[in-house]
4 protein chains.
Amino acid sequence: MDTADVDALAEQADMLQVGARNMQNFSLLKALGEVRKPVLLKRGLAARVEDLLLAAEYLLAAGNEQVILCERGIRTFETATRNTLDLAAVAYMKQKTHLPILVDPSHGTGVRDLVIPMSLAAAACGADGLLVEVHENPVEAWSDGAQSLYPHQFEALMSSLPSVLAAVGRELA
Amino acid sequence: MDTADVDALAEQADMLQVGARNMQNFSLLKALGEVRKPVLLKRGLAARVEDLLLAAEYLLAAGNEQVILCERGIRTFETATRNTLDLAAVAYMKQKTHLPILVDPSHGTGVRDLVIPMSLAAAACGADGLLVEVHENPVEAWSDGAQSLYPHQFEALMSSLPSVLAAVGRELA
Amino acid sequence: MDTADVDALAEQADMLQVGARNMQNFSLLKALGEVRKPVLLKRGLAARVEDLLLAAEYLLAAGNEQVILCERGIRTFETATRNTLDLAAVAYMKQKTHLPILVDPSHGTGVRDLVIPMSLAAAACGADGLLVEVHENPVEAWSDGAQSLYPHQFEALMSSLPSVLAAVGRELA
Amino acid sequence: MDTADVDALAEQADMLQVGARNMQNFSLLKALGEVRKPVLLKRGLAARVEDLLLAAEYLLAAGNEQVILCERGIRTFETATRNTLDLAAVAYMKQKTHLPILVDPSHGTGVRDLVIPMSLAAAACGADGLLVEVHENPVEAWSDGAQSLYPHQFEALMSSLPSVLAAVGRELA
């Protein structure tokens with residue numbers, strides 16, 4: 001996404017997403033601050049929690065109050081997973097900001113079979129929502145197939161989520 | 001702990017713990033492999049999951065089958081928390097090894113108010129147990145006070161845990 | 001810098017700089033690929049060397065052959081310095097690409113008194129140039145004062161550089 | 001190395017080395033503090049500079065004043081090199097401590113062809129010595145072959161070093 005595309009996109013889209021690599025593209029953030037559509041702001045690969053919250057301020061300061069944060073993993077030395085999903089950042093931010101916080105366990109792990117357990121963990125520590133990749137046949141996906149759930153896995157996730165949410169005093173919207 | 005202390009400790013202790021900074025102290029691991037007491041092996045601050053599993057092999061190869069792994073956070077650029085608790089490593093290891101896996105959210109976050117949510121998240125993604133610091137009056141603790149739960153917080157954790165565990169098909173021992 | 005500014009800037013500027021936080025702003029890179037002015041591409045805080053080289057391909061593929069790379073430190077757990085200056089990346093890239101490579105020891109360390117030794121080290125391992133911040137009175141600098149050289153330090157650097165360069169078979173332009 | 005071996009080793013060896021994985025093996029450090037032989041203390045993979053200096057204090061406090069520090073790379077997300085050689089740490093420590101500091105560009109990069117440029121860079125930024133692996137036929141080395149110099153490369157390094165050292169006002173011992 002580029003600042004030049006913001007107006008056209010905002011007319012059509014229900015929500016605009018700022019990818020991790022654009023989290024500190026301040027021109028883009030300022031342009032999105034002028035929009036009256038929700039903006040999903042993903043944490044950068046090297047962003048501290050404080051950096052993410054400060055990036056959100058660019059949107060809020062420009063008048064867009066519909067900001068949603070997203071934890072999607074940071075870059076560390078660990079190679080078993082594509083990124084290191086920092087769920088403590090979710091719990092931390094829940095105590096520091098009123099903004100809703102999503103978790104993306106697909107990018108956060110890069111490994112299909114870790115998406116369900118990490119989705120449940122995200123729910124247990126306070127996440128307000130999930131961003132999960134599903135594909136009818138992940139093996140043939142054009143991108144991110146290795147981290148995409150099969151439809152039956154997505155169903156399994158959706159049947160497990162309510163009881164985890166209930167256990168922490170929340171429920172599915 | 002030092003190799004010279006292993007025998008004396010093994011006679012008295014119910015379990016022997018290898019701290020994160022000793023995870024690749026191979027002399028110590030070999031000595032503990034000879035013992036017939038459970039060994040809790042904590043992940044090093046810069047250890048990949050693979051390194052932890054290979055360190056466990058030193059114990060197993062020497063004949064000690066009572067090995068328990070522990071995720072306690074890795075060192076990253078994030079400073080909001082003392083370490084970065086890598087819960088995806090727990091879910092990953094549950095699929096790679098039969099060894100039980102504990103999570104230490106006290107060292108893993110270093111922040112008292114994050115211990116409960118991260119404990120519940122650990123339970124939700126498959127951890128077999130928790131290592132949680134509690135102190136009657138954390139402000140006066142000789143060490144690690146900032147990450148120690150007050151007794152009433154520990155009670156709150158223990159009352160929330162069973163329903164999260166039930167939600168993922170498990171129960172408190 | 002934003003794509004909308006590229007044309008106006010390219011008319012006036014001798015060189016266009018892509019900051020570390022924009023290294024993977026692909027819309028911007030494509031726009032700069034159309035320009036016929038040199039582009040200085042700074043390494044992102046979480047960018048692997050491979051990511052930097054691939055980002056440069058966006059500029060090259062769009063027809064701009066005047067690309068200069070810049071190592072300016074990556075984000076790690078070390079806090080003694082603002083970033084971790086990765087000089088091995090410079091030596092590595094010198095063997096992989098024909099593009100010139102600068103080093104920014106000011107951002108790379110964030111510490112004034114480290115700028116001279118790291119500048120000399122950069123010269124010794126093959127850097128083609130330096131990006132060094134100097135200020136008449138760093139204490140009063142509006143930004144980055146802590147990493148800005150005093151004028152007399154800059155003079156000292158410039159008097160030491162030629163002999164280090166000569167020692168590795170190069171000379172000041 | 002283990003505490004049990006310290007006395008026997010100290011009788012025979014000219015210098016005792018604490019490997020990176022033992023940098024915070026405090027039992028070992030205390031035992032080595034009692035010895036009257038030089039100790040080479042290598043930086044741990046996740047050790048901040050401050051941690052290394054504090055580990056050295058265990059040796060100094062126990063009475064061993066012959067402590068030599070060694071930068072050998074830290075563990076980061078970069079995969080082009082085996083570790084990330086932190087030469088700024090060398091320049092930083094030269095300003096904070098009187099202890100001599102070596103650099104190990106072999107472990108620090110893991111790449112043979114980076115050893116010479118990083119050795120020269122180390123010399124340029126103040127290192128007091130180098131730890132370089134050389135092998136008559138690195139392809140057949142039992143370990144660390146990929147980072148070992150061929151003899152002719154070592155000769156080339158030794159012929160380049162004096163002029164770099166001279167350029168920064170030092171000379172080969």
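The following conversation concerns a predicted model and the reasons behind some of the terms used for it.

Visitor: Why is the link between R43(B) and E78(A) called a salt bridge?

Guide: The side chains of R43(B) and E78(A) meet at 2.6 Å, taken from N to O, and because the term asks for a nitrogen of Lys or Arg within 4 Å of a carboxyl oxygen of Asp or Glu, this pair qualifies as a salt bridge. The count between chain A and chain B is two salt bridges, and eight residue pairs across the interface are in polar contact.

Visitor: What makes up the side of chain A that touches chain B?

Guide: Helices α4 (87-96), α6 (112-124) and α7 (151-167) of chain A each supply at least two residues, and the largest share, seven residues, comes from α6(A). Sorted by class, this side of chain A has 22 nonpolar, seven polar and six charged residues.

Visitor: How do you know how much area chain A and chain B bury between them?

Guide: The size of an interface is often given as the accessible area lost when the parts come together. For chain A and chain B that area is about 2,700 Å², with 70% of it on carbon and sulfur atoms.

Visitor: Why are β4 and β5 of chain B said to pair?

Guide: Pairing requires at least two bridges between strands, and since β4 (residues 101-103) and β5 of chain B share two bridges in the parallel sense, they therefore count as a pair. In one of these strands, β5(B), L130(B) is the bridge partner of V103(B).

Terms used
Residues numbered from 1 in each chain as written. Chains lettered and ligands numbered in written order. Predicted model: local features only at pLDDT ≥ 70, side-chain atom pairs only at ≥ 80, totals over all residues. Heavy atoms only, no water. Helix = DSSP H or I, 4+ residues; strand = E, 2+ residues; numbered from the N terminus. Buried area = accessible area lost by both parts, 1.4 Å probe. Polar contact = N/O pair within 3.5 Å; in protein donor to acceptor, adjacent residues only side chain to side chain. Nonpolar A, V, L, I, M, F, W, Y, C, P; charged D, E, K, R; others polar.
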